[in-house]
Amino acid sequence: MSINIEQAAKDFLRSSVNQMAKESAVWNKEMIIILISATLGFGLIALIMATILLYKKECSGNQILQVFGIIIIVVFSVVLIIVGYSQSQLTPVIGLFGAIAGYLLGRGSTMQNPTAASENCEENSNDNASSNNA
């Protein structure tokens, strides 16, 4: 008799857990596709806006690389998180993205002196043009 009760309890627990998992499954295939499309669309809009702004300010190649690199890294990191790989799969990829972002952001500060780092793109391009003319 106790074996039947234990078996019935296990079956009930198993079916209730499966039912709760089905009800709480927010991340279905359609939602993942919508979220990825929205994220990639947002990233494309951000890249277009950055292109327009950097073009108007006539920024250097290093500054353009930093802005585009960071936008791309952030967008692809969010896409990987949405896709839902396990933590053991995501950790090295996010670490690599962090290393690339650190390199991109740290590379520009070593090329300029500390007072010139706070100048905007337009002033940097004007300084470069006046030094080329001299």
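Q: How do you know that the span of H3 agrees with what its 23 residues should give?
A: In this predicted model, the end C-alpha atoms of H3 are 33 Å apart.

Q: What makes the reach of H2 close to the expected one?
A: H2 has 29 residues, and from its first C-alpha to its last it reaches 42 Å. The expectation at 1.5 Å a residue is 42 Å.

Q: Why is H2 called roughly antiparallel to H3?
A: The axes of H2 and H3 cross at roughly 175° and come within 10 Å. Angles over 145 degrees count as roughly antiparallel, so H2 is roughly antiparallel to H3.

Q: Which residues of H2 and H3 meet?
A: On the H2 side they include Ile32, Leu35, Ile36, Thr39, Leu40 and Gly43. On the H3 side, Ile64, Val67, Phe68, Ile71, Ile72 and Val75 are among them. The residues of this contact divide into 19 nonpolar, three polar and no charged.

Q: Why is serine 77 called buried?
A: Serine 77 has a relative accessible area of 13%. Buried means under 20%, so serine 77 is buried. Serine 77 is found in helix H3, residues 61–83.

Q: What is serine 77 in contact with, leaving aside its neighbours within four places in sequence?
A: Serine 77 is in contact with Ile94 and Phe97; the cut-off for a contact is heavy atoms within 4.5 Å.

Q: What makes isoleucine 82 count as buried?
A: Its relative accessibility is 11%, and the limit for buried is under 20%, so isoleucine 82 counts as buried. Isoleucine 82 is found in helix H3 too.

Q: Which residues does isoleucine 82 touch, not counting those up to four places away in sequence?
A: Isoleucine 82 touches Trp27, Ile32, Leu35, Ile36 and Thr39. As for isoleucine 33, isoleucine 82 is 49 residues from it in sequence and 9.3 Å from it in space, C-alpha to C-alpha.

Q: Why does valine 74 count as partly exposed?
A: Valine 74 has 46% relative accessibility. Buried needs a value under 20% and exposed one over 50%, with partly exposed in between, so valine 74 counts as partly exposed. Valine 74 lies in helix H3, and its C-alpha atom is separated by 9.5 Å from that of glycine 98, 24 residues apart along the chain.

Q: Which other residues in H2 and H3 are buried?
A: In H2, the buried residues are Ile36, Thr39, Gly43, Ala50 and Leu54. In H3 they include Asn62, Gln63, Gln66, Gly69 and Ile71.

Q: Why does glutamate 58 count as exposed?
A: Glutamate 58 has 54% relative accessibility. The cut-off for exposed is over 50%, so glutamate 58 counts as exposed. Glutamate 58 has its place in the loop between H2 and H3.

Q: What makes the phi of glutamate 58 worth a look?
A: Most residues other than glycine have a negative phi. The phi of glutamate 58 is positive, near 55°, in a residue other than glycine. Glutamate 58 follows H2. Just after H3, a positive phi of about 85° belongs to glycine 84.

Q: How many helices and strands does the protein chain have?
A: There are five helices and zero strands, and from the N terminus on the elements run α-α-α-α-α. Of the 134 residues in the protein chain, buried residues make up 19%.

Q: Among contacts between residues at least 6 apart in sequence, what share joins residues at least 24 apart?
A: In the protein chain, 71% of those contacts do.

Q: Which element has the highest mean pLDDT, and which the lowest?
A: Helix H2, residues 29–57, has the highest at 90, and helix H5, residues 121–133, the lowest at 55. The protein chain averages a pLDDT of 75, and 63% of the residues score at least 70.

Terms used. Residues numbered from 1 in each chain as written. Predicted model: local features only at pLDDT ≥ 70, side-chain atom pairs only at ≥ 80, totals over all residues. Heavy atoms only, no water. Helix = DSSP H or I, 4+ residues; strand = E, 2+ residues; numbered from the N terminus. Buried < 20%, exposed > 50% of the residue type's maximum accessible area, 1.4 Å probe, protein only. pLDDT = per-residue confidence, 0-100. Axes fitted to C-alpha atoms, helices over the stretch in contact; angles between N-to-C directions. Parallel < 35°, antiparallel > 145°, perpendicular 65-115°, else oblique. Nonpolar A, V, L, I, M, F, W, Y, C, P; charged D, E, K, R; others polar. Expected span 1.5 Å × (residues − 1).
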